[in-house]
Amino acid sequence: MAKINGRAVPEADGRSLADYVKEQAYRLNNIAVERNGEIVSKTDYEATILQPEDVLEIVQFVGGG
Amino acid sequence: MENDVLTLGGHTFTSRFILGSGKYSLDLIRAAVENAGAQIITLALRRAESGETANIMDYIPDDVTLLPNTSGARNADEAVRIARLSREVGYGDFIKIEIMRDTKYLLPDNQETVRATEILAKEGFIVMPYMYPDLNTARDLRDAGAASIMPLGAPIGSNKGLVTKDFIRIIMDEVDLPVIVDAGIGRPSQACEAMEMGAAAVMANTGIATAGDVPAMAQAFRKAIEAGREAYLAGPGRVIEHGAAASDPLTGFLEAKGGEA
């Protein structure tokens, strides 16, 4: 199953990245996604289908110096 | 003063106060930004939290330039990865490189910082490297394509002020890039002194975030930075190490009473 932000997420397999991001209520204006070490452009979320072996990092800006 | 602007990577700013956004409760950030008059705000990149959690982007005015940092990076490759992801979020090409191997004092790794600067400048980033104030490294960063040099005044979050003053001054004298004093600046007086010395800007976070009254301290920093800049442009008066120089006329004294001279 796909691993997202360090956690195994069985329900993500076979879904599009766009669907997953929407379902999790991530804010599109404040995230970036890396899939298996490669950045996924926001225009490709729809066409990106999550695979069981995928490793994703979904990141956002937080307060920092 | 009206035409006195700070230029970084082709962008111009009238404020010389770069505000860090860490350690605040979110409702205080907007007031801090407004009272600071800051046009550049730093941010960090972390794993996203799903759900409708409070989002820092809602509290930062739209006209403010975002300066993401690469905190968490322990080497150049990790910094490059964080920088690319930060750009992908979609707020521009600015990146503050921050690479630390030391977890006690949080001191930057100058060598890896030069390496990351070289890679990211080639990719079109406006690179602002945080560094330990060393002249040779500053020259290497300039040659690698940095848009500014950001030497530390003291360890991050320490509020100790311009501990490295003499070495920052050497960089200012020798490297023709904006020098922005970052880290350790805990009080307005310290920010003012950095500006008087000729810093192009001051970056502060903890000094404001840990103040009793955050918005008021943001404003105090703003005034101090403006005052320091004005003093620098005015050209501070000279220092006499030994002796004194009267400010009053040394002639025309009254005669001592009773006629004794």
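Strand S5 (residues 55–63) of chain A and strand S4 (40–47) of chain B run antiparallel and are joined by 5 bridges (strands pair if DSSP finds at least two bridges between them). Helices (H or I, at least four residues) and strands (E, at least two) are DSSP runs, numbered from the N terminus. Within this pairing, A:Val59 stands opposite B:Arg47. The model is predicted: local features need pLDDT of at least 70, side-chain atom pairs count only at pLDDT 80 or more, and totals for chains, interfaces and linings use all residues. Residues are numbered from 1 along each chain as its sequence is written, and chains are lettered from A in the order in which they are written.

At the interface, 27 residues of chain B contact 20 residues of chain A (C-beta atoms, placed from the backbone, within 7 Å). S4(B) gives the most to the chain B side, with 6 residues. Helix H2 (76–89) of chain B supplies at least two.

The largest nonpolar core has 94 residues. Such a core is a set of buried Ala, Val, Leu, Ile, Met, Phe, Trp, Tyr and Cys residues joined through C-beta atoms within 7 Å. H2(B) gives the most to this core, with 7 residues. B:Ala191 and B:Phe221 are among the residues with the most contacts inside the core.

In helix H4 (residues 135–144) of chain B, B:Thr137, B:Ala138, B:Asp140 and B:Leu141 are buried (20 or more other C-beta atoms within 10 Å; exposed, 12 or fewer). On the other side of H4(B), B:Asn136 and B:Asp143 are exposed. B:Gly145 follows H4(B), with a positive phi near 105°.

Conventions:
Two residues are in contact if their C-beta atoms, placed from the backbone, lie within 7 Å.
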